Structure formats: C-alpha cells, structure tokens
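Colleague: I am new to this structure and would like to learn how to read it. Could we go through it feature by feature?

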Amino acid sequence: MDRITLEVIGAGLLTVAEEMGAALIRASYSTNIKERRDCSTAIFDARGRVIAQAEHIPMHLGSLLGTVEEILRRYPPSALAPGDMFIVNDPYTGGGTHLPDINLVAPVFAEGALFGFVANIAHHADRTGEKIRTIWDEGLRIPPIRLLEGGRLREDVMELLLANFAVPDERRGDFRAQLAVNRLGERRLGELIARWGLATVSAACDELLAWGERKIRAAITAVPDGVYRFADAMDDDGVGETPVPIVVAITVAGDRMHVDFAGSGPESRGDLNVVRGALLATVYYALKAILDPTIPANGGFYRAITVEAPEGTIVNARPPAPVGWRTQTCQRIADVVFGALAAALPGRVPAAGNGANAAMVFTGVDPRTRRWYVYLETLGGGAGATAEADGLDGVQVHVTNTSNLPVECLELEYPLLVREYALVEGSGGAGRTRGGMGIRRTIEVLDHEASFLGSLDRARIAPWGLAGGRPGGCGALVLNPGTGGAQRLPSKVWGYRLAPGDYVAILTPGAGGYGPPGERPAPQVRADLEDGIVDTGRAAADYPQAAGGESNGR
Amino acid sequence: MGYRLGIDVGGTFTDLVLFSEDTGAVVVDKVPSVPADPSEGILSGIVSILARARAKPASVSYVAHGTTVATNTLLQRHGARTALVTTRGFRDLLEIARQRRPSLYDLHAPKPPVLVRRALRREVQERVTADGSVRVPLEAAEVDRVLDALAGEGLEALAICFLYSFLHPEHERLVAERARARLPGVAVSASSEVAPEFREYERLSTTVANAYLLPRMGRYAEAFRRRVAEVGVPAAPYINQSNGGTISIEEAARAPVRTVLSGPSAGVAGAAWTASRLGLDSIVTFDMGGTSTDVSFVRDGTPAVAFEREIGGIPLRVAALDIHTIGAGGGSVAWRDSGGALRVGPESAGAHPGPACYARGGQAPTVTDANLLLGRLGPGGLLGGAMALDVGAAERAVAALAAELGLSPLETARGIVAVVNANMAGALRVVTVQRGVDPSGLALVAFGGAGPLHAGALARELGIPSLVVPPSPGLLCALGLLVEDLRTDAVRTWVGTLEPATIASLDKLFLELEAEARAWLDRERVPAPRRSLERWLDMRYAGQNYELLVPVPEDVWTGGGVEPLRARFLAMHEAAYGYAADDEPIQVVNVRLVARGRPDPPSLPRLPRATCAVGAALVARRRVLFDLDAGFVDCPVYDRARLGAGHVVEGPAVIEQFDSTTLLHPGQRATVDDLGVLLVHEG
C-alpha cells in the first residue's frame, strides 16, 4: 500500500466518524447529549479494532471497544447479518463502563463479508437510584441484544427499554437519533469502500493500526527506562469517610510500558468502582496526553502497553459492584499516572487538575407540565498549572469534556433557577504558574419538591502541586449558602429532599500550582489581586515578592 | 450613469475593479496594502485605477469595499479597552464559556484570552426569568454606582449583557442610556441590540466582541469616508458583511461584529454571479490561497447562511455565509510525523519567508514547491514573471523530506499534492455530501491564486462534472463586491409550539421586523422593484436543541396555515438527519428576516470570437507529472490573455495568466466562452 493512498483513506474514515458525531449532537433530544455533547462515535474493523473515532469524551472509548469486543465474542461473523444493530450498556456482560452510557453498534458488510462496525455511544441522563450498593440498583442492564434485525426495529424490545426509563419520550428521541447515525455511518462507509475497493480499504486499516503502534513505541522509547511510582487517594468509598488509596507503578523498558495498579484499595461500597474497560480507557487517555496527543486510538496501543490491576479492587471491580460514578475514580487514576510520569519527564507533566467529575442531578415532577424531569450537569474545575503557563480556569479535565447547559436552555426545560455561575476565587494553587480555578454553581428549586444527587471528590484531599507548587482548593456541596440555615452536605449524597425555594451550591476543586510561588513575577501577582483571583491575605502569605509596585494587567 | 468601484483589501495587496455603467468596460488594478492605515492604501489604489481608466472621481456613483479591519482587530487582540456590565452572579461566564477545554489531549493548548479582564467585569442586581418576567428589578441607583466606579478606568467601550435580555430588553436599555450620560466618549453595545437570541454565552461573546471593535471600526469608517471624499468621489461608501451583502459604512460602524467574517464572502458572491451567467445555479466555490482554503455550497444562486461561527476562538452569533475553511494552501508545509506518515499543514510558510522556491530564506517544502517540481507551476514564475521561482531551492527542500520518508523526491512531491488534495476533497465533502448534496449535479468554481491549479483533480475526485475558472481568478472578491446585494439580517427569539394559533403571532412579529427593514431600505434609497424581504424561521422538534433554518412558504399567510410549514420542516429534517417524525410537536425558536436591495446587474463586455487557431496562444511546452507510473508528460503551455471566445484547449495542458495557473489533466477539455470564462469538462 502506498503511503499516500493510506493517508487519503485514513482521512476518509475520519470524515465518516466525524460526520456521525456531528449528526448525533444535532439530532438528539436530551440536553445531556445535544447541549453537553456527552456522546462519541467510532468505526471498527472486523476484528474489533478502532480505525477511526470522533471522540468528545475520552472515557467513551473504553465502552465502545468493550461492547464491540463482547459482540464479537458472542457472535461469529456468520451469525451477523446486514441490517442488524445491537444495543448494549452492561459493564459486566456487555463491555460497557456504566449503565447510563448506551452503545448502539451495527455490523457493516462489504462484498458479502463482514467489513467491520460503526458504533455510537450516548449518555442517557435518566433515572437515578437511591442508596446504591449493587449494579442492580443502578438501572436497566442491557447485554448485547439486537434492537434492529434485518433492518427492522424490534418494537417489543423498544417497549421493554422505554418501560424502564423515567423520561421515555426523551429516550425514544435519543434512540432514534442513535439509530439514524449508525445507518448514516454504514452508508458513508459503503461509499468509501465502493470508491477504493474492499481490499485496498482493508489493507489501509491494517496499515493504520501498524502506524499507530509505531507512533506509540516511538513515544515510549523517548521515556527513560525505569520504574515510576505514585500514590494518591479517593476522599472515601462513597459511604464511609476512610480514604481509598489509588496506587500505580509504571515500568518503562525500551519501547514497552507496563502499568500496574497493585496496592490500590478494595472495591468501594458506593458506586465508585471501575471495570477493566474504563481503566484501560483512562490509562490510554493519560498516556496519550502525556506522551503524544496525536497517537491514534487503536489496537496497536495495547500491544505496546500492558495494564494490570488486581481483581476485586476499586480499579478492577467484579459483579455486582456498583459503578455509576466511576468517573470520580477514573480522574484519580489519571492523576496517579500523571504523578508517576512527572518524575520521568520533568517539565512535561502538569500539576494535578480538579480530579473530580463534580455532578449535580435534580429529579422531580415539573409543576408546569406535571411530567418527570431529570436534570444532570457535570461541572469542570481547575486544570493543573504547567511549567510554562497557568492552569485553565473552569474546564473539564482528563477523561471527561462535556459542555455546560446554557442557563437559558436549562430554565426553559426544567423548573430550576441558576442563581450563580462563577469561578471560585482563591482555588487556584499558588506557584510560579498558578493552578486553574474551580467553578461555583448555585441552583434553586422552583415551586416543587425535588430529589437531589451530588457527587464530588477532592472535597478533602486537595489536588497536588508540582515542583514546589502548592495544592489547589477542595470542592464542597452547600445547602442554602448565605442564609441562617446554611449547611454543608456530604460530598456524595443521594435522594436528598429539597423543598421549594431551597438552593444548592456546588464548589468544584481548583488545581495545583507549578514551581515555587516565590518565583511568580510580581506584576502577575498584582494583576491577579486586581482581578480578585487571590485575596490580599493569601497573596501576602504565598507571594511576598508582590508587595507594592506595578501590575501587568490591562 | 457612471462607474462602480469594488475594492478588496487583503493583507498584502489591495485589489480594485472599476466597472463603467455606460460602456460596460472593466479595469482592474492591484496595489500594495498599507496595514498601518488601510485607508491610505485604498486611497492610492483609487487614484491609480481612476487614472488608468481616465475616469473622473466625480463620475464614481458606487463604492463597495471588503476589509479585514474587524477580523484582524479580533485576531490580533488590539481592540478597545472594554468593560462589561452583567447580571449578578455571572461575570465569569465570559471566561467559563462552555467549560470545555480547547483540546482533549493537548494539555498545553491555551484557552483563547478573554476580551474583558475580570477586574472590568461588573455585576448589578437584576434577574429576569425564562418567561420574561422580572424576578429582581434593576435599580437605577446601583447602575449609576457601578458606572461611576468605571469612570476612572480609561474605558473606550462598554458591553452590556443580561440574562433573557432577548425577552426583556428594558434593563439593558436603562444601563445603556445611563452609560451614554455618565461615560461620555465610551462606545456602548447591548446584547438585546447586537444578538437578541437565546443561549447567554454566545450572546455575551458576540456583544463583547462588538463593543471591543466599535471604537476602531468607527475611526476606520470615518477615515475611509474622508479619504474617499478627499479624492473627489461623491458616493457614500459601502462595506461588505459576513452575510455576503453590503451595508453603508455608517451602519457597519454601529455593528462592526457583522463584518468580522466578511473576508471570503465577496468571493462567494462573485463566484455565484459568474456561474449564474453561464446558467449554473448550484455550485461549490473553491477559493485556495496561500495559507487557507475556503469552500462553500451555493444552491439555486443563493449562498447558504449560518449563524454559529467562531473566529480566533470567539463564538459569534451573526449571519455569515456558511463557508468552510481549512488551513491548507499553497504555502502549507509538508512534514513527516512520528509514525512515519507524510502530512501537509496546518503550518504555513506564509508570504514571508514563503515557500522554499521564493528564495526568501524558506527551507521547508511546501505545496507550491511540490507543484513546481512536478512542472505544474512554471519556472518562469508568478505574477507574469514579476516573481521568479527558484527550482533548485524547491528541490533541496523536497529532497530533505524525501530522505526522511525513504521516498524519491518526485514521489514525495507527488505525495504532497495528493495529501493536500485529499484534505481539500474532505472540505468539499463537508459542504456537499455531508449535507445530502450530490456533487454530480454541481459545478465547481475555482478561484484564488492556487484554486485553478488544484481544481481539475478535485472535480474528478468528487465526480463534479463541470469546472468554471473565472476570467480573473485572483480578483473575484473585488468583482463580487460590485454584484452583491445590500443586505441586512434581523432576528427575534420567539419560542413556541407550531400550531394554527401561532401563525398570527408570527405574522405580527414578521410585520414589525419588516417595518424596520423598510425604513432601512428607504434610508438606502433602494427603489421598490429592487427590494426583497424574506421570512425565515429557526425550527426544531420540541425537545431538540439545534434548529433548522426554514424558509417560510408564502401560502402560510394566505390561508395555508401551519401545514405547508410543517411539510417543509419535515422534508428538511429528513434530508439533514435521515429521519422525520410525523407525530412529534414542532417548535419555532427564532424569527428571522432578510432584507435585500439588489444592485443594477453589471453587464461585463464580451470577449471577441477567436479569429485564429488556438495554437496562436501557445507560448511554451514543458514536462508535467500527473501520475507517477506514467511519468512526465510533454504539455503545451497557453497564455490565457491570448485565448479568444470559442477556443478549445485539450488536456494535458497548462494555461497561465497574470494572477493564476490552470492545470488541465489528461482527458479534460477547456472551452473559452464569450465572457472569457474557462469551462472545463471531462473529454
């Protein structure tokens, strides 16, 4: 295969995946997909290896890879037919990573044989359980089953699905968009294959995989050989108050890397557990971000990198451990991989980011329409300072990257009011470069009773600084702040009843600083003071060099 | 009658086209731009072209120009010192934006810097809710306190943006009034005037950008008007907007954000106009320059408009032609990535140092260098030989990359062109196939300096049957300025379900918008037969959040009711997303009105019929490589200026002209029509 044809076909495959992704966002119904973009798309070869993806959320790769692998394990190509489409979400029988992420996967045929798969995943923000202790408490588990057979929708299956959701109209609209997107992908892939011929496209896919592996091996070779260790912890296991350690040892030898999580804590009682697919996706994210952001996501990656984690730990859970908020733990897994490689690659790894997947979920009956609603929002926070620049303020970090829901969309759809949406002053860790700031968002319940779920980590164990930088601020959940009845809520809370007029503030964590604060240029500190990013007291303590003099703000 | 003058101000050159309404004669000119004071470059251009045409300044009846003043001010971040007044609790929204990080994996990718620093973002107590009612009233005394506190800050501009101001603009109006009184000399911009649409962040971002541009654009407009008057041109100048229409320079100075994306829009207008004269209504435009390429789709003579665009990381909610831009052009640099693959762009050698063959110190191999080695560009150089090309330098640059890749220099050069063509084919697919448009019913209009060199291969790749190369591909933007409509776009957010009872409310809103539009057309003195008003609605299924822009059928208002509108929405949804649900409720979100004043259509002179054989235009022969296996092919080289109407050139061939080079692949055939257009088909 000549290199140029390869490039051209690679670009063509990517265009198909991206077109699928754009169509999913635009045609879906629920705010979590259409506005917050909690969805991804990908194309696989017949062996289940990713050959192109349009990812919006790094975590989704774990689910997409896992579900295609599980379908292939259960169904030999001869048992698949054109017009089939599978629906899957279960982490333990389907390759998923948690139940709200629902995957639709369709085999694609060319010249009478299985060419590969098109797949998309979307996070359906629907019902939330209370007092979750097992996977059965978390919702409907869907092993790989056909939603489409011979191109026809299995209405009875759809009925079963919809009967298990709180907001079925939204689910139906989202499923319809997901079905249409895979059909679009199938059609486009067919056109691509018709244009180049099956043999050429298949050969190109193999070569793309080999190219990816060469890239990752080149990147690993550039890391000095050695064993790099790091330990951090979750605030708690979602139920008690005891921290759960997350531990990694990374061994680099030539062009190979082994990532071992031995020493990490046991399965959590709460829903913070991570299944293997989610662990792999997280490690993949962290290594790609640190080593080379242009490394493609494909099977070649896992030939160069091995990942090991003891079964029955929070990082490799067994059934029926609950997994709903596994993203909190995945953020910490990314943190420890970053921490370990900071020693191997000085100056290239940023300090710890907000390290949480801070979330608020309000559920209730809308007094205006008398219908159930579920409003989910996950919030960004600080990003870690790098050796060169201050950390970004108020962004999603690591394995997630959802958008916010605009206030004017939120209040139109839900009986809620946003009182405040701001950066948390002082939450950026001090340093030569400053850690990013967290977000404060305060939401009031209007004219009805609502049930509230909050999920947050780094409410006790702060995001660390690097090379002398100080830690960032911790997160918190506060009920009715600024009133006599103000009350701090636990960082993981379910089924909390809110009365009409109650409001909850979430403060997301900031991020660690980089380098000694004493080395921060004084005019920069003064500009931060004028902008209210640090207060006078903290500035005097962290940055004595800034007393008096000029600011460099405009 | 008199002259119409189009002026397109680029970063390096200012292009001018002067058209005589009496004789139909066209004169073109190109002068260096003066970035420090663009109006100065324009002035010398006007003097120069009028002298060439022996025309009196007083006889110029219309001046339209395209400028990048607003674009560059935003990109280079040298706009006004701006403050913001917003709803209590929301001053950081400008910074949080949509809370996504700029790159999923690149941890060093910066967020675009905000245009108003935190210390100058001030809050006031006020709150309107989703139904437009006031939950917390605005106190004038607090407004005055906040404005007075800003008085010593040396402000040049103030942006005002409150939640739900598109439903309840009174709070913003109050702040604007008091600001004009208490902050004299400060330009004020309120979101309910600039972008009265829902989704607060995008509205805020648009309003802040507008405020940031106001002072500079105001000064520019004034200088421009003065300069034009000084040379004795009596016509009030017009300026090109992002929506592909022009507007008087005074109006543009009031809403400068409308001109930010205007750069490539005049070229699209010029291309659509050129094609329409050949009877081609549905086209793809392909404008390839040195660092970027712009493509767009024109259906039935009307370029598509989009309302969500970004520039320099700043989202803008303004009507803009739906142009897709990719960072690939003649100056794009080719390189080997860490997996051993050949890549082209997005880095560009720009005009300085430029491609290696410019011999200005550039070492990196570019698309232009590859074209030179393949014989597609001639060693005689660009701009009619005024700019020589150094073949040796191009060879050295390409050979260095070839050694890294383990390929021969020729394989590498051919590879560079194939990769950049694949990127551009992808861009053309985005605006056609991805939107459900079949390329086999279209024509490709190629312009920009490098467009005609690559377009033949792209038309073939996409199965586009005809290729149009305008007479002056490098000057199409300036020509476009002369054929564009006067145009203004108005919008109001109105959220409601589509049902028979809503038709009357919509009609009422449209009538209000139309009254405003008529007043504007009166001010512009557009005669009645040249006016048009178009009604559009942003529609979606209740529950979706992205809208389709639906043209409202006439019979809705003449007794048809909702049915024709519903039918049109369903058909568009089916085309866009592959499905349409009959039974789901449909929502209207925004009401839009487009008002146009059509100019007198210029009638360009016809090219005389060729009186001699095409061989008379043959100026050279050279070896060109199309296909590696076939090797170099001996090709005739024609001078376009010597081609007459009716001439036919068979590919393989090269057709050279002052501002561009057209490449005909083996099997392609170009016909010169009597407008001087090259029409290329597969033989």
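Colleague: Into which domains is chain B divided?

Modeller: Please keep in mind that this is a predicted model. Chain B is divided into domain 1, which takes in 3–73 together with 219–259, domain 2 at 78–212, domain 3 at 485–597 and domain 4 at 614–682.

Colleague: How many residues of domain 2 of chain B are in contact with domain 3 of chain B?

Modeller: A contact here requires C-beta atoms, placed from the backbone, within 7 Å. On that basis four residues of domain 2 of chain B meet four residues of domain 3 of chain B, and the domain 2 side of this contact has three nonpolar residues, one charged residue and no polar ones. The centres of these two domains of chain B, taken over C-alpha atoms, are separated by 29 Å.

Colleague: Which parts of chain B touch chain A?

Modeller: The size of an interface is often given as the accessible area lost when the parts come together. Here we have counts of residues in contact, with 52 of chain B against 67 of chain A. Helices H3 (93–96), H7 (200–230) and H12 (409–431) of chain B each supply at least two residues to the chain B side, and H12(B) gives the most, with seven. By class, that side has 22 nonpolar, 16 polar and 14 charged residues.

Colleague: What is the order of the strands in the open sheet of chain A?

Modeller: The five strands of chain A run in the order S14-S15-S20-S17-S18, with antiparallel pairing. Strands S14 (416–423) and S18 (487–489) of chain A are the edges, each pairing on one side only, and the twist from one strand to the next averages 20°. Within this chain, S17 (residues 476–479) and S20 (residues 503–507) of chain A pair over four bridges, and Ala476(A) has Leu507(A) as its bridge partner in S20(A).

Technical notes:
Residues numbered from 1 in each chain as written. Chains lettered and ligands numbered in written order. Predicted model: local features only at pLDDT ≥ 70, side-chain atom pairs only at ≥ 80, totals over all residues. Domains from an automatic or database assignment. Contact = placed C-beta atoms within 7 Å. Nonpolar A, V, L, I, M, F, W, Y, C, P; charged D, E, K, R; others polar. Pairing = 2+ DSSP bridges. Axes fitted to C-alpha atoms, helices over the stretch in contact; angles between N-to-C directions.
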